[in-house]
Amino acid sequence: MTSCYKWTYRNKDINSGNFAEIKNATGSGIIASLLINRGITSPEVAKQFLDPENIKLSSPFIFEDMQKAVDRINDAVQTQECVVIYGDFDADGVTSASVLYKTLKFLGANTDYYIPDRMDEGHGINRAALCKLISQEKAKLIITTDCGISNYQEVKLAQSLGTDVIITDHHEPPEEIPPAYAIINPKTMSEDPAGLKKLAGVGVAYKLAQALLEVNNKPEFTEELLHLVAIGTIGDVMPLLGENRALVHKGLELITRKKPPAIAKILEIAGYKPDRKLNSGMVAFGIVPRINAIGRLAGANPAVELLVTDDGQKLEELAHELDQNNKERQQICESTFQKAEDKIFTEIDLDKNKALILADRDWHPGIVGIVASKLVEKYYRPAFLLSIDEEAREGRCSARSVSALNLYDTLTVFSDHFIRFGGHALAAGFVFNLDKISFESLKTKINNHIDSILEFDDLSPELKLDMDIEPADLTIDFINELDRLAPFGEANPYPVFAIPDLTLRSYSLLGQKKNHLKLMFTDNRDRVLEAVWWNKNELDISISEQVDVAFVPSINNYMDKQRIQLVIKDIRRVEDRCREKVDITQCSLQELPEEALEDGPLVVEPIEYARAEIDINWVDHRQENGFKREFLDYLMSLGDKVSIFAESLRAKEILENVSYLKPLAVTRTDIRISECVVFLDLPADDMTFMNVIKQADPKEIHLFGLMTPYEPVDLIRKVSGMLKYAGSSKDGVINLERAPCALAVPAELFMACVELLDSAGVVEIVEINESSIEFSFKGSVNLAAIQQLPDYTSFLNALTEFENYKNDYKTKDIEQVKQLISDCCSLIEVK
C-alpha cells in the first residue's frame, strides 16, 4: 500500500501572506496560517471569513433581469395565473424548487411544482412535460430552478404557446441563450463583483425569492428558506466562500435552532441525536443522499413534498420513503461499481487510455454518476459511465473528472453528437442517439481527445496538506480552535495535517464488514496516538515501521470523555518520503514566525510510561485448554505476588474451582503491583492491556486469553438486566468503569448498548458524566423491534470490533504481542 498520493503543502512561505497582520486581526497564529493557505491574504477579508453571520449579502437586483422577473411574478400573483416551478431531481434542484414554491405560496400565488423523471424525461425542460403543463395545467408562467439555460427550443415552444418562462439556473450557458422572459443566471453576467458565479442553483432561486419578498415588504420570510439553501449548496458541492459561506452558516444555525420538522425527521432516520449541533458533514452524508436517492430511482416529487409539507403524518411517510430509496440506491451502487471494475480489467488498457469510458445495458441511469465519482476517487482519471437503453435507442452518460480536465469544455467539442448535454468542469452528462453514433465510435472519439490533452502526470492525485505538526500540538483546545473556520466544504476543506516519523505499533479491522482500520502509533518520545482509517481494509506496512501520517484531527466522545483521534488520509513510509525529496521550504507549525506562538505554547500532557528497570518474561499459554498441574504449583509457590486478570464469567468460574487462586483475581478496576500477572482473560482493549501492565509492573506475564464471544441479543439482555437492577436498587445510577468491567467488555461497547436501549425506549438517559450514567428504566426490551433501529448498527459495529480485537490477539504471534505491548507501554525490550 505504498502511497499513491503526491503530498503537497498549500503554502510554502507563510511570511508572504501578511501573516503578522492577519494574526493580529484573528488573534491566532494557527488560524492566520490556515487562512493564508486558503488564499485569504488581507486582515479585512480574514475577519469577514471568520464572521459568516455578518457577511453582507449582495442585492438581488444586481441581476439584470431581476426587476423584470419580479414584476412578472407579482402580476401572476395578483391575477392568480397558474405558475409552475420546473425543478431538477437532485438535492440542488429539489431545494431550489422548494424555496420558490414556499415563497410563492407565502405570497398567495396559484402555484405548483414539477420535477421531471430522471429516466423518462432527463435533465432540463422536457418537451412533452412542457406541453402537458401548458395544455392540462394551464400554466401561464413557468419558472425553472437549477435548469433551463440549455433549453433553447423548449423555451421557444413555450413562448409560441403563450406561456412565459423565467429561467433561474447556475449552469454554463451555451452560445445560443434561450429566448426566455427573464434569465437569472450569474454565469450570464459580464461582470461579477459579488462573486455570485459560485452560487448553487438554490442560491440563485434564493436571490429571486429575496427580491420578491423585499418588493412585497416581507423580507423576514427569507429566514424560513435558509435551511434549504444550505442543503442544496452543500449537496451541489459549491465553494463555501463569500455568500455561499454566509448562506450555509445561517442555514445550519437555523436547523440547529429551529429544527424544521422535515430536516429533523431525516436526521433522526439517519441516526443522528436530536441535540447534536449540525455541521456541513452531517448534511453532506446524512441529508443530501436521502434527498438525491429518490430522484435517482424514481420521481423526485416526494422529496419536494417532504420539504414543503406541514402534515406530520405525511412527513413521516415521506421521510421513510426517502430512507428506503437511499438503502436501495446503496445496494445498486455497490453492484454497479463491482461490474464497472470488472469491465475496467477486461476492456481498458490503463497504460494506454487516460479515461475510463464504460457502458452497460443493465446500469441504472440514476446511479452511474455516483459510481463514476467512486471510480475517479479510486483510479484518479476521468470516468464516463453510460446506461444503454436499446429500446429507446439512447445512451445516457454521467461523467466525473479530475482537476486537469474540464468536462464541460470536453463535451462541447462533441456536442453535435448529443441530443443534449450540460454540467460543470468536474461533473457533466449527455444523452446521445445510438442510431446516429455507436457507443464504440463515441468512446474512441472522446478517448482520443482526452489522450491528446492529458499527460499521465495529470493522473497522479495530490494530497494537499496544511502543515506538519507535533503530537504535543494535538490538544482539545487546538481542535476546537479549528472550528472557527467552519462551515467546511468545497474550497474550505477541514485542515489536513501531517506528523512525520511515527512508528506503527498495531492495527486491526473495524466494522461489521471489516472495511475500516484502527491503528496505534508512537512518536520518538513514546507518546501514543490512536487513529482510524475509514474504507481501508488492508495495510502492507509492517509493525514497528516508521511512517509519515496525514490526517484530520477529531475528538472522539464516549461516555462524556473526550479523546483525540486521528482520521487518516494517507500513510507514507519514511523511506518513500526521503526518495521523493520533499521541498524543504514546506511550512510546519514549528516553522511559523515567532509571533505565531505568542498565544502561548500548544502543549498536551504526553501519555508517557516509566521504563521498568528489569525485563519482562512472557510465557505463551494460548494453545492450552486449562491450568496444568505444574503451573498451578508454580503459582502457589509465588503466593500473593501473583495477580490473575479475570473479568469474564468463564474465567471466574475457573478460579472458583481452585480455592487458593480466587483471592488473586483482579479486574481493570483493582490492579495491584505484582511480580507475576496471569492474563486468564484478554483485557477489553489495547489501552486496558497497557494500563494493567503499567500498574502491575510485573517481571513476568503468562498469557492465556480465554475466548468468550457474546451473541448480540445476549449482551443486550445482560445490559438491560443490569440497568433494570440499577434503576430499582441504585437510584438509576450506574458506574461507567465498573459496569463494563463486570461484563468483560470495552467501555465503548457498553455505552453503544446503553444508547441502543435509550433509542428503544427501554431506558431514558438523564445525564452522562465522567464516571456514571443517570437514567430511568422504562420497560423491558423488545429484541425484534430493537434490531430495526439505526443505533443497532452502531452497537453491532462496536461488538464486531471487540470480537475482532480478541481474535487478533488470540492468533497473533507472541513476539508481535510482546512487541506491541512493550512498545506502546514504553517498556524496555522483552525477552
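Phe-631 counts as buried because its relative accessibility is 10%, buried meaning under 20% relative accessible area with a 1.4 Å probe and protein chains only. Phe-704 is buried as well, with a relative accessible area of 5%. The model is predicted, so local features need pLDDT of at least 70 and side-chain atom pairs count only at pLDDT 80 or more, while totals for chains, interfaces and linings use all residues. Residues are numbered from 1 along each chain as its sequence is written, and side-chain values use heavy atoms, with hydrogens and water left out.

## Aromatic pairs

Rings of Phe, Tyr and Trp (its six-membered ring) pair if their centres lie within 6.5 Å, and planes under 30 degrees apart count as stacked, over 60 as edge-to-face and the rest as tilted. By this rule there are 18 aromatic pairs. One of them, between Phe-631 and Phe-704, is tilted, with 5.7 Å centre to centre and 45° between the planes. Because Phe-631 lies in helix α20 (residues 629–638) and Phe-704 in strand β23 (residues 700–706), the pair ties together parts that are 73 residues apart in sequence; helices (H or I, at least four residues) and strands (E, at least two) are DSSP runs, numbered from the N terminus. Elsewhere, ring pairs link Tyr-408, Phe-418, Phe-421, Phe-430 and Phe-432 into a cluster.

## Helix α7

In helix α7 (residues 152–160), the buried residues are Glu-154, Val-155, Leu-157 and Ala-158. They lie on the same side of α7, because they cover an arc of only 155° around the axis, an arc taken from the directions from the helix axis to the C-beta atoms. After α7 comes Gly-162, whose phi is positive, near 85°.

Conventions. Buried < 20%, exposed > 50% of the residue type's maximum accessible area, 1.4 Å probe, protein only.
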